[in-house]
Amino acid sequence: MERNILKATSYGVGELICDAMQQGCTRLIVGLGGSATSDCGVGMLRALIDHFGGEDFDDIRGHFADLHITLACDVQNPLCGANGAAHVFAPQKGADAQQVRLLDRRAQRFAALSAQHFGYDRSSQPGAGAAGGLGYALMQYLGAERQSGIELLLDLTSFDQCLIGASCVVTGEGRADRQTLMGKLPYGILQRARRKGVRTILIAGQIADKKQLLEAGFDTVLCINPENTDIAQAMDPLTAVARIEETLRKWLCQIQSL
């Protein structure tokens with residue numbers, strides 16, 4: 001189930017929300033991104049219903065009257081369509097072309113039924129397609145408000161102060177491609193660094209659309225894995241750390257020799 005995009009569920013997110021509420025939390029920040037799901041947040045809603053003992057969401061709706069949820073999210077995509085959760089992100093999660101179409105049809109039907117029930121539709125709002133549509137469920141059902149996750153995170157970590165005196169910044173993700181430029185963390189780091197005149201190096205386990213990444217402003221784009229790398233080996237933490245160190249060491253040697 002963990003690797004099956006048609007069965008992977010956001011149920012655990014619902015459990016986390018319930019646990020936070022049990023601890024007395026009334027303001028939540030939910031970080032959206034890096035999910036392995038494409039269930040439109042249905043699993044999350046099911047967990048909430050199970051926890052509060054209802055038959056459907058209407059039975060438990062009152063429990064969230066005093067809960068304020070902020071979505072830390074930089075993804076702009078809507079829930080459905082060519083730029084939606086299924087078509088843009090599901091292939092990264094293992095979906096083939098037929099599964100992508102199925103997931104998008106599911107999302108469209110869920111959004112249509114939800115809009116009919118509530119009298120409003122949040123499926124086209126920026127971020128609705130984030131985390132496999134989890135953003136949509138949180139906005140549509142729980143009234144969540146979206147905020148730039150990058151800006152929130154970088155402000156909380158005093159990132160701009162860390163740039164003082166720096167000659168370069170190294171950032172990265174599992175796979176870097178055109179989606180990196182759709183508001184993902186490395187792109188946010190790039191924007192902050194450029195304002196301070198600091199060069200930005202992008203590293204990743206896989207790289208596509210390298211020309212676009214360079215044109216966007218990354219000074220260097222480096223893949224840490226050799227071609228035809230075994231995925232299981234590449235995902236091993238010790239292997240990843242060793243390859244990051246080796247990649248950056250070689251890059252530094254090249255820079256120093258110029």
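1. A disulfide is a pair of cysteine sulfur atoms within 2.5 Å. By that criterion, this predicted model holds zero disulfides. Two cysteines illustrate the point. The sulfur of Cys168 lies 14 Å from the closest cysteine sulfur, that of Cys162, which is too far for a bond. Cys223 likewise takes part in no disulfide, and the nearest cysteine sulfur to it, in Cys253, is 19 Å away.

2. Cys223, at 34% relative accessibility, counts as partly exposed.

3. Helix α6 deserves attention. It spans residues 134-142, and nine of its nine residues are buried, so the helix is largely enclosed by the rest of the structure. The buried residues are Leu134, Gly135, Tyr136, Ala137, Leu138, Met139, Gln140, Tyr141 and Leu142. The elements that cover them include the helices α1 (11-22), α2 (42-52), α3 (57-60) and α5 (97-118), together with the strands β1 (27-31) and β2 (68-72). After α6 comes Gly143, whose phi is positive, near 65 degrees.

4. The largest nonpolar core consists of 39 residues. Within this core, the residues with the most contacts are Leu32, Met44, Phe57, Ile69, Leu71, Leu138 and Leu142. At least two core residues are supplied by each of α1, β1, α2, α3, β2, α4 (85-89), α5 and α6. The largest share, seven residues, comes from α6.

5. Leaving aside residues up to four places away in sequence, Leu71 touches Val30, Leu32, Gly135, Leu138, Met139, Ala144, Glu145, Arg146 and Gln147. Another core, of eight residues, lies apart from the largest one; among its members are Leu154, Leu163, Val169 and Ile189.

6. Helix α7 (residues 149-156) packs against helix α9 (residues 185-195) at an angle of about 60 degrees, and their axes are 9 Å apart. The two helices are therefore oblique to each other. The crossing of α7 past α9 is right-handed. On the α7 side, the contact is made by Ile150, Glu151, Leu153, Leu154 and Asp155. On the α9 side, the contributing residues are Leu185, Gly188, Ile189, Arg192 and Arg195. Leu154 and Ile189, named here, are also among the residues of the eight-residue core.

How values were computed
Residues numbered from 1 in each chain as written. Predicted model: local features only at pLDDT ≥ 70, side-chain atom pairs only at ≥ 80, totals over all residues. Heavy atoms only, no water. Buried < 20%, exposed > 50% of the residue type's maximum accessible area, 1.4 Å probe, protein only. Helix = DSSP H or I, 4+ residues; strand = E, 2+ residues; numbered from the N terminus. Contact = heavy atoms within 4.5 Å. Core = buried A, V, L, I, M, F, W, Y, C linked by side-chain atoms within 4.5 Å. Axes fitted to C-alpha atoms, helices over the stretch in contact; angles between N-to-C directions. Parallel < 35°, antiparallel > 145°, perpendicular 65-115°, else oblique. Left-handed = near helix turned anticlockwise from the far one by under 90°.
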